[in-house]
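Q: Could you take me through this structure feature by feature, giving the general idea before the particular case?

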Amino acid sequence: MATVTDRYPTRGAVEVSTPRLDPVVWSAPDAPGPLLAAELRDYDRDGFLTVDRLVDPDEVAVLRTELDRLIADPAVRADERAVVEPKSQEIRSVFEVHRLSRVFADLVRDPRVVGRARQILGSDVYVHQSRINVKPGFGASGFYWHSDFETWHAEDGLPGMRTVSVSIALTENHDTNGGLMIMPGSHRTFLGCAGETPQDNYKRSLRMQEAGTPSDEALTDLAARHGIKLFTGPAGSATWFDCNCMHGSGDNITPFPRSNVFIVFNSVENAAGPPFAAPAPRPDFVGARDFTPVR
């Protein structure tokens with residue numbers, strides 16, 4: 001088997017900053033698809049793009065009903081794909097929802113969703129990861145600052161930055177209920193984190209991320225250079241963001257839940273291989289090994 005060059009070293013003795021070596025938008029500006037050329041330019045510049053009303057209220061109601069059904073199902077709670085809050089023991093996330101639910105499988109195949117992914121990545125795509133995030137009120141914990149690509153590269157073996165995520169709001173995103181925060185333009189710099197990856201790190205990181213988190217000094221520098229954008233909007237709105245964006249979210253101590261469905265599309269030309277900085281790949285429900293294109 002040919003050796004794959006690691007262009008984005010991470011999880012070493014020291015933190016390392018590497019300029020991005022991959023395109024952000026992989027298709028031509030006039031490539032057919034739902035996104036306008038101006039939107040592709042904005043995505044290339046900022047690393048993210050918002051769509052105010054990706055799905056309408058009737059569709060949101062169907063998705064919310066399905067989310068409620070899944071988190072109330074004892075079989076789902078008992079499945080390893082369900083992750084619970086460390087303190088309250090309420091369900092925090094359910095992974096691989098496009099395989100657990102026909103409703104979410106249909107959403108993945110929706111041209112408004114997968115069409116944008118194909119257009120950004122310039123190829124057919126497969127689902128590297130899908131999940132619903134429940135984030136109930138009164139104390140649901142946040143997600144600390146991180147680059148998804150750092151984890152997907154280190155622990156799943158994605159070789160390059162040819163992956164895009166979409167977060168579709170199923171409840172209103174207020175500025176107070178633990179919304180998504182991104183540092184605009186941070187996708188242009190890869191931050192390789194210090195420290196080795198523990199065995200079966202995913203069992204801890206899905207509840208509280210530790211390995212693969214940047215230093216305070218690095219985060220301070222990135223925030224000073226790029227600022228921080230907080231995303232708010234009604235249910236049905238969506239945020240598309242590049243795999244290398246530095247992002248996170250705070251705790252939700254309000255009475256208002258912040259639920260969303262999160263889908264990660266990866267190019268079929270960027271399929272996962274052996275992990276670059278972990279003892280073994282994470283399970284398929286976290287980082288897929290089925291590279292079948294979405295149809």
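This is a predicted model: local features need pLDDT of at least 70, side-chain atom pairs count only at pLDDT 80 or more; totals for chains, interfaces and linings use all residues.

Q: How many bridges pair strand E5 with strand E13, and in which sense?
A: Strands (E, at least two residues) and helices (H or I, at least four) are DSSP runs numbered from the N terminus, and two strands pair if DSSP finds at least two bridges between them. Here strand E5 (residues 125-133) and strand E13 (residues 260-267) are antiparallel, with eight bridges.

Q: What is the order of the strands in the open sheet?
A: The seven strands follow the order E2-E11-E7-E13-E5-E4-E3, and their pairing is antiparallel. Because strand E2 (48-51) and strand E3 (82-84) each have a single partner strand, they stand at the edges and one side of each is left without a neighbour in the sheet. From one strand to the next the twist averages 15°.

Q: Which helix lies across E2, and at what angle does it run?
A: Axes are lines fitted to C-alpha atoms, for helices over the stretch in contact (heavy atoms within 4.5 Å), and angles run from 0 to 180 degrees between N-to-C directions. Helix H1 (residues 37-46) lies across E2, strand E7 (163-169) and strand E11 (238-242), and runs at about 135° to E2.

Q: Is Phe 241 buried or exposed?
A: Buried means under 20% relative accessible area, exposed over 50%, and partly exposed in between (1.4 Å probe, protein chains only). Phe 241, in strand E11, is buried with a relative accessible area of 1%. Leaving aside residues up to four places away in sequence, Phe 241 touches several others, including Tyr 43, Phe 48, Asp 148, Val 164, Leu 180 and Phe 262.

Q: Which residues of strand E9 lie on one side and which on the other?
A: In a regular strand the side chains alternate between the two faces of the sheet. In strand E9 (residues 189-192), Thr 189 and Leu 191 lie on one side and Phe 190 and Gly 192 on the other, and all are buried. Strand E1 (residues 16-19) runs antiparallel to E9 and is joined to it by four bridges, with Thr 189 as the bridge partner of Pro 19.

Q: How many residues of helix H6 and of helix H7 are buried?
A: Helix H6 (residues 111-121) is mostly covered, with eight of its 11 residues buried, among them Val 113, Arg 116 and Leu 121. In helix H7 (residues 148-156), nine of its nine residues are buried, including Asp 148 and Trp 152. Just after H6, Gly 122 has a positive phi of about 70°, and just after H7, Gly 157 has a positive phi of about 85°.

Q: What lines the second largest cavity?
A: A cavity is a set of points on a 1 Å grid over the protein atoms alone where a 1.4 Å probe fits but cannot get out, and lining residues have an atom within 4 Å of a point. The second largest cavity holds about 40 Å³ of space, and its lining includes Glu 96, His 98, Gln 129 and Phe 285. E5 supplies the largest share of this lining, four residues.

Definitions and conventions: Residues are numbered from 1 along each chain as its sequence is written. Side-chain values use heavy atoms; hydrogens and water are left out. On a 1 Å grid over the protein atoms alone, a cavity is a set of points where a 1.4 Å probe fits but cannot get out, and a pocket is an open set with protein on both sides within 12 Å along at least five of seven lines; lining residues have an atom within 4 Å of a point. Grid points are joined across faces, edges and corners, and a volume is the space filled by probe spheres set on the points.
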